[in-house]
Each structure stands twice: as structure tokens, then as C-alpha cells.
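Please open the structure in your viewer and keep the selection tool at hand. The stops below are meant to be taken in order.

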Amino acid sequence: MANVFIPPLLQKLTHGQTQVEIEGETVREIIANLETRFVGFKDRICEDDRIKPMLAVAVDGEFSSEGLRTKVKPDSEVHFLPALSGG
């Protein structure tokens, strides 16, 4: 199962857990399984079947342009992070 790191703003949904193990072969499946376990998670992460613009997802330390289609291995680490912007 992938190890998903939960950002502080979403830890209320996970009952204070900072990390959870979740099954899934893509980021989409990870989010769907998180939603099943922690109702309301998907609404905080996704908008119009995409990752919200203010968030980024890193799988094994890599950011991908594939969004929800990003592949996840059973031993992957998944991080949901605030997206950085600026100039």
C-alpha cells in the first residue's frame, strides 16, 4: 500500500493522522480510496475531476503533469502539497 502524507489542513478529516496507508495504482485511485475512508477528502483535493490549482501532488518525490493519472507503486510515498507560485 502507498504511504500518503496528509497536510496539516486536511488532518482533521483523517482524525489527526499525518500519514495513512492506502491502496491504489494511480493518484485518482488513491484519492477515491481516501474518500471512502475519510469522507470529504476528495472535495478538498479535487475540483472538476482535477487536482485543485492551489495543490500539487508528488509521488516518490516527483511532480507529474499527469495529475490524477500519475502512477503509484505499492511502496510509493504520496504527498499533497500547497502549490507554489510567484515571480
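What follows is a short tour, with one selection at each stop.

This is a predicted model, in which local features need pLDDT of at least 70 and side-chain atom pairs count only at pLDDT 80 or more, while totals for chains, interfaces and linings use all residues. Residues are numbered from 1 along each chain as its sequence is written, and side-chain values use heavy atoms, with hydrogens and water left out.

Begin by selecting Thr-14, in the loop between strand E1 (2–5) and strand E2 (19–22); helices (H or I, at least four residues) and strands (E, at least two) are DSSP runs, numbered from the N terminus. Thr-14 counts as buried because its relative accessibility is 0%, where buried means under 20% relative accessible area, exposed over 50% and partly exposed in between (1.4 Å probe, protein chains only). Beyond its neighbours within four places in sequence, Thr-14 is in contact (heavy atoms within 4.5 Å) with Ile-6, Phe-38 and Phe-41.

Next, select Asp-49 and Arg-28, whose side chains meet in a salt bridge at 2.9 Å, N to O. Asp-49 lies in the loop between strand E3 (46–47) and strand E4 (50–51) and Arg-28 in helix H1 (residues 27–37), so the pair ties together parts that are 21 residues apart in sequence. A salt bridge is a side-chain nitrogen of Lys or Arg within 4 Å of a carboxyl oxygen of Asp or Glu, and a search of the whole structure finds one. Asp-49 is partly exposed at 48% relative accessibility, and Arg-28 is partly exposed at 37%.

Finally, select Asp-75, in the loop between strand E6 (62–63) and strand E7 (77–82), which counts as exposed at 64% relative accessibility.
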